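Work through the exercises below with the model open. Try each task before you read its solution.

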Amino acid sequence: MAQELSEKELLKMEVEQLKKEVKNPRALISKTGKEIKDYVEAEAGNDPLLKGIPEDKNPFKEKGGCVIS
């Protein structure tokens with residue numbers, strides 16, 4: 001599709017996109033970073049990567065072993 005448009009049309013589309021993006025509200029990283037950190041710390045107890053999965057609910061648990069005699 002982009003090959004079918006002229007350079008002028010592509011530039012016009014880019015300007016329209018930039019006009020939309022400039023209207024987006026921005027937040028300071030010092031504020032949002034703290035909010036993300038607080039959220040992650042609050043949800044850490046529910047995270048299976050940190051807490052682990054109970055053996056009875058683990059779908060990847062080995063069901064049997066291999067015995068070579």
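**Exercise 1.** Is Tyr39 buried or exposed?

*Solution.* Note that this is a predicted model. Start with the location: Tyr39 belongs to helix 2, residues 29–43. Next, take its relative accessible area, which is 54%. The cut-off for exposed is over 50%. Tyr39 is therefore exposed. Now look at its surroundings. Together with Ile36 and Val40, Tyr39 makes a nonpolar surface patch of about 340 Å².

**Exercise 2.** Determine which secondary structure elements the protein chain has, and why it is described as more spread out than a compact globule.

*Solution.* Count the elements: there are 3 helices and 0 strands. Read from the N terminus, their order is α-α-α. The radius of gyration is 26 Å, whereas the globule rule gives 11 Å for 69 residues. The value is well over the rule, so the protein chain is more spread out than a compact globule. Then check the spans. Along the principal axes, the C-alpha trace covers about 75 × 40 × 15 Å. Finish with burial: 0% of the 69 residues are buried. The protein chain exposes about 7,300 Å², with 59% of that area coming from carbon and sulfur atoms.

**Exercise 3.** Find the salt bridges in the whole structure and place their partners in the chain.

*Solution.* The search gives 2 salt bridges. Side chains of opposite charge can pair when their charged atoms come close. Take Lys34 and Asp38: their closest N and O atoms are 2.9 Å apart. Both sit in helix 2, 4 residues apart, so about one helical turn separates them. Lys34 is exposed at 51% relative accessible area. Asp38 is partly exposed at 34%.

Now take Lys37 and Glu41. Their closest N and O atoms are 3.6 Å apart, which meets the cut-off of within 4 Å. Lys37 and Glu41 are also 4 residues apart in helix 2, about one helical turn. Lys37 has a relative accessible area of 48%, so it counts as partly exposed.

**Exercise 4.** How far apart are the mean positions of the positive and negative charges of the protein chain?

*Solution.* Tally the charges: 13 are positive and 14 are negative. Compare their mean positions, and the separation is 5 Å.

**Exercise 5.** Locate Lys20 and state how far its C-alpha atom lies from that of Gln3.

*Solution.* Lys20 is part of helix 1, residues 7–22. Its relative accessibility is 57%, so Lys20 counts as exposed. Lys20 and Gln3 are 17 residues apart along the chain. Their C-alpha atoms are separated by 23 Å.

Note on methods: Residues are numbered from 1 along each chain as its sequence is written. This is a predicted model: local features need pLDDT of at least 70, side-chain atom pairs count only at pLDDT 80 or more; totals for chains, interfaces and linings use all residues. Side-chain values use heavy atoms; hydrogens and water are left out. Helices (H or I, at least four residues) and strands (E, at least two) are DSSP runs, numbered from the N terminus. The radius of gyration is taken over C-alpha atoms; the globule rule is 2.2 Å times the number of residues to the power 0.38. Buried means under 20% relative accessible area, exposed over 50%, partly exposed in between (1.4 Å probe, protein chains only). Accessible areas come from the Shrake-Rupley method with a 1.4 Å probe; for residues, only the protein chains shown count as cover. Lys and Arg count as positive and Asp and Glu as negative; His and the chain ends are not counted. The place of a charge is taken as NZ of Lys, CZ of Arg, CG of Asp or CD of Glu. Patches are made of residues with over 30% relative accessible area and no salt bridge: like charges are joined within 9 Å, nonpolar side chains (Val, Leu, Ile, Met, Phe, Trp, Tyr) within 5 Å. A salt bridge is a side-chain nitrogen of Lys or Arg within 4 Å of a carboxyl oxygen of Asp or Glu.
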